[in-house]
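Please examine the structure shown below. The paragraphs that follow lead through its parts and how they are arranged.

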Amino acid sequence: MNEDVRNLLLVQGLDDEIAVRSAEIDSLPRHIADIRKRLHAHQSQLKTDKDALAANQKQMRDLEGQVADHKQKISRLRDQMMQAKTNEQYKAFQHEIEFHEKAIRAAEDREIELMESAEALGTNVKIAEAALATEEASVKAESTEAEKRIALIRAERDQLETERKQTLQHITREVRAAYDALKARGRRQVVATIEAGNCTACRMSVRLQLIQDLQLSDKLIRCENCLVYLYATRVTAVDEHGPSTSGIVS
Ligand SMILES: [Zn+2]
């Protein structure tokens, strides 16, 4: 195999490894942002439930205050009723007392409703608080884990980039320029082999003459269609795993 092509193959492999790590480095912060967003949604749900519970309790206190007021008024009216001079006066006081008694019953009915919903709200808050504590701990642990993982993958990627730079230095300038040009066009593959007479990068057939040149010499040969550098994989004998899939048709 041509020395440049051999090195290009190494560089291409390193490019792929670097790309895998870059993708993971990019995806981890996104994942952390997602779980934090979910956590915030649960935190704000808990706040809503707590606010509802507080509003319920405030309403309860207000009603208790109103009931006390009515009771005080009734007691005053009863005193006044004792002093009533006429039947009409007596009936008027009685009527007023009935009004306050009715208001007390309505307030007490409402208190029962509030107590029932307070029970449900209190249960919700307790469940949400327990779930949140677990979720907060796991988000924290996952964030720490992700930071460690990112640092590790960054170090691996740096190492791979150093290796890549060193390997590129062993490639002749002309081939390196061609490699840069292919990469600049967004091409992932710069080296390819031939399978069933086709370039494995673009799947177009390669002229037989080029295939023979590849097998017999270590000339630099590029696919005439997609311009990748080609290398030959020799037809290997049928082994225990079955026929080689990388054989060249001759
Ligand atoms: Zn091609």
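In this predicted model, five residues of domain 1 make contact with six residues of domain 2. On the side of domain 1 that touches domain 2, three residues are nonpolar, one is polar and one is charged. The domain assignment places domain 1 at residues 3-169 and domain 2 at residues 187-231. Between the centres of domain 1 and domain 2, taken over C-alpha atoms, the separation is 61 Å.

The helices come next. Two packed helices are described by the angle between their axes and by the distance between those axes. Helix α1 spans residues 3-82 and helix α2 spans residues 87-169; the two pack at an angle of about 165°, and their axes are 4 Å apart. Because angles over 145 degrees count as roughly antiparallel, α1 is roughly antiparallel to α2. The crossing of α1 and α2 is left-handed. Sorted by class, the residues in the contact of α1 with α2 comprise 36 nonpolar, 19 polar and 25 charged ones.

It remains to consider the confidence of the prediction. For the chain, the mean pLDDT is 91, and 93% of the residues reach a value of 70 or more. Where does pLDDT stay under 50? This is the case over residues 235-250. For residues 235-250, the model has 14 contacts beyond four places in sequence.

Key. Residues are numbered from 1 along each chain as its sequence is written. This is a predicted model: local features need pLDDT of at least 70, side-chain atom pairs count only at pLDDT 80 or more; totals for chains, interfaces and linings use all residues. Axes are lines fitted to C-alpha atoms, for helices over the stretch in contact, and angles run from 0 to 180 degrees between N-to-C directions. Angles under 35 degrees count as roughly parallel, over 145 as roughly antiparallel, 65 to 115 as roughly perpendicular and the rest as oblique. A crossing is left-handed if the near helix is turned anticlockwise from the far one by less than a right angle, and right-handed if clockwise. Ala, Val, Leu, Ile, Met, Phe, Trp, Tyr, Cys and Pro count as nonpolar, Asp, Glu, Lys and Arg as charged, and the others, Gly among them, as polar. Domain bounds come from an automatic or database domain assignment. Two residues are in contact if their C-beta atoms, placed from the backbone, lie within 7 Å. pLDDT is the predictor's confidence in each residue, from 0 to 100.
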